[in-house]
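Dear colleague,

Please find below the sequence and the structure for your review. My notes on the model come after them.

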Amino acid sequence: MKISIVGGGYVGLITGACLAEMGHEVKIIDVDEKKVNAINSAKPPIYEKGLEDLLIRHSGKNLTAGSDFSSVRDSELSIICVGTPQNKDGSADLGYIISAAESVGKELKIFDGYHVVAVKSTVPPGTTTGIVLPTIMKASENNSCIGFAMNPEFLREGIAVGDFMNPDRIVIGSVDKRAGDLVESVYSGFNTKILRTGIVSAEMIKYASNSFLATKISFSNEIGNICKTLGIDVYEVMGGVGLDHRISPYFLNAGCGFGGSCFPKDVSALIHFARLKGTDPVLLESVLKVNQMQPLVIVDILKKHLGSLEGKRITVLGLAFKGDTDDVRDSRAIPVIEALIADKAEVHVYDPMANKNMKELFPVIICHESAEDALKDSDGCLVMTEWPEFSRLNKEFDTMKNRLIIEGRRILNVPDAEGICW
Ligand code: NAD
């Protein structure tokens with residue numbers, strides 16, 4: 001099928017590359033020329049395992065990128081994958097969605113085939129029918145040949161290609177059967193459950209899924225903080241909890257909280273949406289509150305050991321919001337670095353991929369090319385990301401002034417490391 005993907009970021013690029021791998025003819029449309037050029041030169045603008053191989057196989061063949069929308073007219077399906085960042089008030093910023101919908105609609109003005117517009121971006125319930133549909137209808141001057149669908153994405157950064165190709169489920173919400181059928185046919189080569197729903201339910205499934213996962217993490221962290229006061233290991237406790245099939249063992253890892261471009265903003269957007277609808281999302285508010293407080297717990301532990309941090313050399317190992325990515329959006333290392341700087345510590349950092357991105361946020365931090373370099377003469381070390389290479393560190397900590405090691409993620413294999421909540 002000929003498919004146009006609007007927005008070539010994490011979701012759009014992975015979707016485009018994977019659908020090209022499945023044999024579709026894909027055009028990625030992005031307003032960012034740099035991204036467009038990178039995709040066309042088979043150089044991934046983001047790091048994702050397996051992505052470069054896909055681009056090398058398909059770029060310039062059945063996967064191309066550009067910044068004009070003319071391919072929409074030539075496609076059967078447009079998939080909108082632009083960002084929906086957080087507004088200051090916590091709501092979702094739908095500016096990129098509206099602009100993308102206008103551009104797609106204009107292209108469909110003089111068009112007489114059947115074309116489906118599917119929203120893959122995470123959007124508040126009601127957005128596809130309440131905002132995208134009327135925007136496209138207006139821009140296309142009420143072209144009746146357009147169908148609408150909502151197809152939320154559940155991939156995880158770091159393992160995005162694997163997740164896209166082997167999803168737990170594919171959710172397709174549509175206004176009518178014809179539009180849903182067309183989107184479903186795109187996934188005919190996938191061996192997974194396809195769930196057909198109403199369009200607003202599809203939008204809500206995505207928010208409810210992310211909110212539930214975020215809740216599991218905040219719950220585990222709260223239990224972890226209690227376990228620490230008891231001197232017991234929260235991982236032993238949650239290991240026992242997770243054996244209950246009603247709970248499942250996944251996403252019960254206590255630590256310094258969740259970050260990234262999705263969980264914090266999606267929970268915030270759902271809270272905002274719930275309030276607009278006149279409900280009181282007490283649980284979701286608590287999930288975010290626990291998550292805001294949790295990274296500061298590690299700084300408190302550090303201060304208990306060191307007293308004032310003024311002039312102390314503190315090493316932060318891990319800056320990305322999780323392993324296997326260079327993405328620092330809402331990383332839990334951010335509030336920790338903020339607190340260390342506010343306490344006048346000298347902050348030395350190392351991350352295998354995210355040094356550059358964090359340096360842009362905090363020019364004052366001192367970046368190192370290895371954990372060993374970052375640890376030299378350090379007064380204390382905080383581990384903030386579960387990079388596998390950290391599990392092999394041990395003698396490197398000997399170069400610190402003294403081995404004060406506190407981990408916010410359970411990754412180290414040294415007996416003298418203290419856990420944030422274990
Ligand atoms: P992103 O910021 O990485 O990419 C968005 C892209 O859209 C950018 O490249 C931007 O240049 C482009 N863009 C913006 N306006 C445009 C326009 N009018 N026309 C064409 N291109 C335009 O965002 P992302 O992480 O890919 O997220 C996209 C959506 O998918 C969001 O709603 C997000 O919540 C959701 N989502 C993200 C993930 C994830 O792990 N990143 C997972 C599931 C769902």
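The notes below take up the domains, the ligand site and then several individual residues.

This is a predicted model, in which local features need pLDDT of at least 70 and side-chain atom pairs count only at pLDDT 80 or more, while totals for chains, interfaces and linings use all residues. Residues are numbered from 1 along each chain as its sequence is written, and side-chain values use heavy atoms, with hydrogens and water left out.

Domains

The domain assignment gives domain 1 (2–197) and domain 2 (229–422); such bounds come from an automatic or database domain assignment. The C-alpha centres of domain 1 and domain 2 are 33 Å apart. Across the two, 15 residues of domain 1 are in contact with 16 residues of domain 2, where contact means heavy atoms within 4.5 Å.

Ligand site

Helices (H or I, at least four residues) and strands (E, at least two) are DSSP runs numbered from the N terminus.

An N or O atom in the side chain of Thr84 is 2.5 Å from a ligand oxygen, a polar backbone atom of Thr122 is 2.9 Å from a ligand oxygen, and a backbone N or O atom of Tyr10 lies 3.1 Å from a ligand oxygen. The protein covers 90% of the 830 Å² of accessible area that the ligand has on its own. Accessible areas come from the Shrake-Rupley method with a 1.4 Å probe, and for residues only the protein chains shown count as cover.

The loop between β9 and α12

Arg332 lies in the loop between β9 (313–317) and α12 (333–342). With a relative accessible area of 7%, Arg332 is buried (buried means under 20% relative accessible area, exposed over 50%, partly exposed in between, with a 1.4 Å probe and protein chains only). The side chain of Arg332 reaches the backbone oxygen of Phe258 at 3.3 Å, and a polar atom of this side chain lies 3.4 Å from the backbone oxygen of Asp330. Neighbours within four places in sequence aside, the contacts of Arg332 include Cys256, Asn291, Met384 and Arg409.

Most residues other than glycine have a negative phi. Asp324, in the loop between β9 and α12, has a positive phi near 65°, and Asp330, also placed in that loop, has a positive phi of about 55°. Asp324 is partly exposed at 32% relative accessible area, and Asp330 is partly exposed at 34%.

Other residues

Gly408 lies in the loop between β13 (405–407) and β14 (418–419) and is buried, with a relative accessible area of 0%. Not counting residues up to four places away in sequence, Gly408 touches Gly255, Cys256, Ile298, Val383, Ile420 and Trp422.

Leu296, in helix α11 (residues 282–306), is partly exposed, with a relative accessible area of 36%. Leaving aside neighbours within four places in sequence, Leu296 is in contact with Pro335 and Ala339. Leu296 and Pro335 are 39 residues apart in sequence, and their C-alpha atoms are 7.2 Å apart in space.

His58 is placed in helix α3 (residues 51–58) and counts as buried at 11% relative accessibility. The side chain of His58 makes a polar contact with the side chain of Glu21 at 2.6 Å. A polar contact is a pair of N or O atoms within 3.5 Å; within protein, one must be able to donate a hydrogen and the other to accept it, and residues adjacent in sequence count only if both atoms are side-chain atoms.

With kind regards
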